[in-house]
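Subject: Structure handover

Hello,

Here is the structure you asked for. My notes on what was found in it follow below.

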Amino acid sequence: MLTMNMTFRIYPSADQEAMMLDWLETCRRLYNRCLRDLKTWLNGKKCPIDRCSLKQEYIVPADLPFPSYLEQKRQLTQWKKKILGLKQFILK
């Protein structure tokens with residue numbers, strides 16, 4: 001079976017290009033925020049039970065749930081209320 005891939009070049013206007021760059025910036029910020037939440041949670045659970053690190057200590061609440069995909073998806077609705085302009089980029 002022979003498959004062909006077609007590629008097309010797009011030529012967005014200045015307004016469209018600005019809008020797409022805005023989308024990419026919003027996606028980058030959301031990704032970095034979710035990654036930061038995950039890293040903070042993991043680093044907060046690394047400390048041994050019988051001693052604490054002298055260099056650095058991450059203080060996270062003990063009842064903080066693991067920031068899984070579903071948990072971060074739930075948080076997204078709260079972020080849409082807090083972060084200005086985020087609501088227009090996220091589909092329901």
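How many salt bridges does the count come to? The count comes to three, where a salt bridge is a side-chain nitrogen of Lys or Arg within 4 Å of a carboxyl oxygen of Asp or Glu.

Before the details, a note on the source. This is a predicted model, in which local features need pLDDT of at least 70, side-chain atom pairs count only at pLDDT 80 or more, and totals for chains, interfaces and linings use all residues. Residues are numbered from 1 along each chain as its sequence is written, and side-chain values use heavy atoms, with hydrogens and water left out.

Overall picture

The protein has two helices and zero strands; helices (H or I, at least four residues) and strands (E, at least two) are DSSP runs, numbered from the N terminus. Of its 92 residues, 14% count as buried. Buried means under 20% relative accessible area, exposed means over 50%, and partly exposed is in between (1.4 Å probe, protein chains only). The accessible surface comes to about 8800 Å², and carbon and sulfur atoms hold 60% of that; areas come from the Shrake-Rupley method with a 1.4 Å probe, and for residues only the protein chains shown count as cover.

Within α1, Thr-26, Leu-30, Cys-34, Trp-41 and Gly-44 are buried, and their cover includes α2.

Two of the salt bridges share Glu-25: one joins Glu-25 to Arg-28 (2.4 Å, N to O), and another joins Glu-25 to Arg-29 (3.1 Å, N to O). Arg-28 lies three residues from Glu-25 in α1, and Arg-29 lies four residues from Glu-25. An α-helix has 3.6 residues a turn, so residues three or four places apart point the same way. Glu-25 is partly exposed at 27%, as is Arg-28 at 42%, whereas Arg-29 is exposed at 55%.

Helix α2

Arg-74 forms a salt bridge with Glu-71, the closest N and O atoms being 3.1 Å apart. These two residues are three apart in α2, about one helical turn, and Arg-74 is exposed at 53%. Gln-72 also lies in α2 but is buried at 14%. Leaving aside neighbours within four places in sequence, Gln-72 is in contact (heavy atoms within 4.5 Å) with Cys-34, Asp-37 and Pro-67.

The aromatic pair

A search of the whole structure finds one aromatic pair. Trp-41 and Phe-66 form this pair, which is edge-to-face, with 4.9 Å from centre to centre and 80 degrees between the planes. Rings of Phe, Tyr and Trp (its six-membered ring) pair if their centres lie within 6.5 Å; planes under 30 degrees apart count as stacked, over 60 as edge-to-face and the rest as tilted. Trp-41 is in α1 and Phe-66 is in the loop between α1 and α2, 25 residues apart. Trp-41 is buried at 16%, while Phe-66 is partly exposed at 40%.

The loop

Ala-62 is also in the loop between α1 and α2 and is exposed at 75%.

Regards
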